[in-house]
Amino acid sequence: YTTVDSRMQQYAQEAVVAHLDQLQKSFNSDLMQQGKILDEINSTLQSGFLVTNPRNGHVLAWVGGRDYSESQYDHVLSERQVGSVFKPIVYAKALEDGYEPCDFISNQQVQYTEYDDWTPQNSNGNYEGSSSLLGGLTHSVNTVSVKLLMDSGIEDVIEFAENLGAKEDLPKVPSIALGVANMSVEEINRIYTPFAGGGWQHEQVLITRIEDAEGNEIYVNKPQ
């Protein structure tokens with residue numbers, strides 16, 4: 001007995017293929033403009049797609065790639081730099097530490113001398129004024145995100161992420177606020193579950209029960 005919803009699984013597979021087809025056209029066009037020959041490189045884009053119910057952790061759809069017959073590599077479990085999807089963890093920790101959504105943080109650029117003079121940059125190049133926590137997260141403002149991380153403390157944010165379900169080898173650097181950590185779709189899904197589930201964490205479940213040929217129950221998942 002599985003938790004996977006057959007219709008949602010079909011919709012997820014169709015969505016992955018449709019989205020990748022659009023991205024593939026743009027990707028191929030960029031490669032051709034760079035003078036690269038598509039046949040000489042592996043230019044097929046892939047994606048992972050995981051849907052779970054935040055109320056109980058049941059996996060409703062799991063798509064590991066474009067086409068299983070062509071590649072069995074599971075992109076739900078493979079790790080990549082997560083980028084800005086790590087930022088909600090930083091902001092959640094700031095809220096736990098006493099910040100309010102309407103509190104303002106300076107957009108000013110800061111050089112972190114103790115970390116090889118690393119200086120975060122904003123995508124729009126604007127470092128004037130300030131942003132509220134709500135605005136900083138909504139617009140993915142790098143300078144604000146890093147300042148919140150440093151105010152909470154890198155190790156405390158990492159511990160907070162681990163309590164949400166992150167693995168235990170996150171890099172202890174300020175750029176973690178911008179998503180330099182390598183994580184999987186499955187891991188991010190697990191971390192985000194409390195955000196959508198009222199603060200509750202649930203283990204991901206694929207199988208609820210297993211019976212033998214005679215109908216005898218040999219396994220049952222017990223909610224944790």
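Exposed denotes over 50% relative accessible area, buried under 20%, and partly exposed the range in between, with a 1.4 Å probe and protein chains only. Helices are DSSP runs of H or I with at least four residues, strands are runs of E with at least two, and both are numbered from the N terminus. The model is predicted: local features need pLDDT of at least 70, side-chain atom pairs count only at pLDDT 80 or more, and totals for chains, interfaces and linings use all residues. Residues are numbered from 1 along each chain as its sequence is written, and side-chain values use heavy atoms, with hydrogens and water left out.

**The covered side of α5**

Next, select residues 154–164, the whole of α5, and colour Ile154, Val157, Ile158, Phe160, Ala161 and Leu164, which are buried. These residues lie on the same side of α5 because they cover an arc of only 160° around the axis; the arc is that of the directions from the helix axis to the C-beta atoms. An α-helix has 3.6 residues a turn, so residues three or four places apart point the same way.

Which helices pack against the buried residues of α5? Display α2 (87–96), α4 (142–152) and α6 (185–196), which are the helices in question. Contact here means heavy atoms within 4.5 Å. Just after α5, select Gly165, where phi is positive at about 130°.

**Helix α2**

Move to α2, in which 7 of the 10 residues are buried, so that the helix is mostly covered. The buried residues are Lys87, Ile89, Val90, Tyr91, Ala92, Lys93 and Ala94. Their cover includes α3, α4, α5 and α6. Following α2 is Gly98, with a positive phi near 115°.

**Ser152 in α4**

Select Ser152, placed in helix α4. Is Ser152 buried or exposed? Ser152 counts as buried because its relative accessibility is 8%. Show side chains here: Ser152 and Asp97 are joined by a side-chain polar contact of 2.8 Å. A polar contact is a pair of N or O atoms within 3.5 Å; within protein, one must be able to donate a hydrogen and the other to accept it, and residues adjacent in sequence count only if both atoms are side-chain atoms. Leaving aside residues up to four places away in sequence, Ser152 touches Lys93, Ala94, Asp97 and Val157. Lys93 and Ala94 are among the buried residues of α2, and Val157 is one of the buried residues of α5.

**Glu186 in α6**

Continue to Glu186, which is located in helix α6. Glu186 has a relative accessible area of 17% and is therefore buried. Its side chain makes a polar contact of 2.4 Å with the side chain of Arg190. With residues up to four places away in sequence not counted, Glu186 touches Leu50, Val76, Leu77 and Gln204.

**Two loop residues with positive phi**

Select Asp116, in the loop between β4 (104–106) and β5 (130–132). Asp116 is not a glycine, yet its phi is positive, about 55°. Asp116 counts as exposed, since its relative accessibility is 77%. Then select Ser140, in the loop between α3 (133–138) and α4. Ser140 is likewise a residue other than glycine with a positive phi, near 55°. With 26% relative accessibility, Ser140 counts as partly exposed.

Asp21 is partly exposed, with a relative accessible area of 35%. Draw a distance from Asp21 to Thr119: the C-alpha atoms are 36 Å apart, and the two residues are 98 apart in sequence.

Finally, zoom out. The C-alpha trace spans about 70 × 50 × 30 Å along its principal axes. In a cartoon view, the protein has 6 helices and 8 strands, which follow the order α-β-β-β-α-β-β-α-α-α-β-α-β-β along the sequence. Buried residues account for 37% of the 224 residues. Of the contacts with a separation of 6 or more, 63% are between residues 24 or more positions apart.
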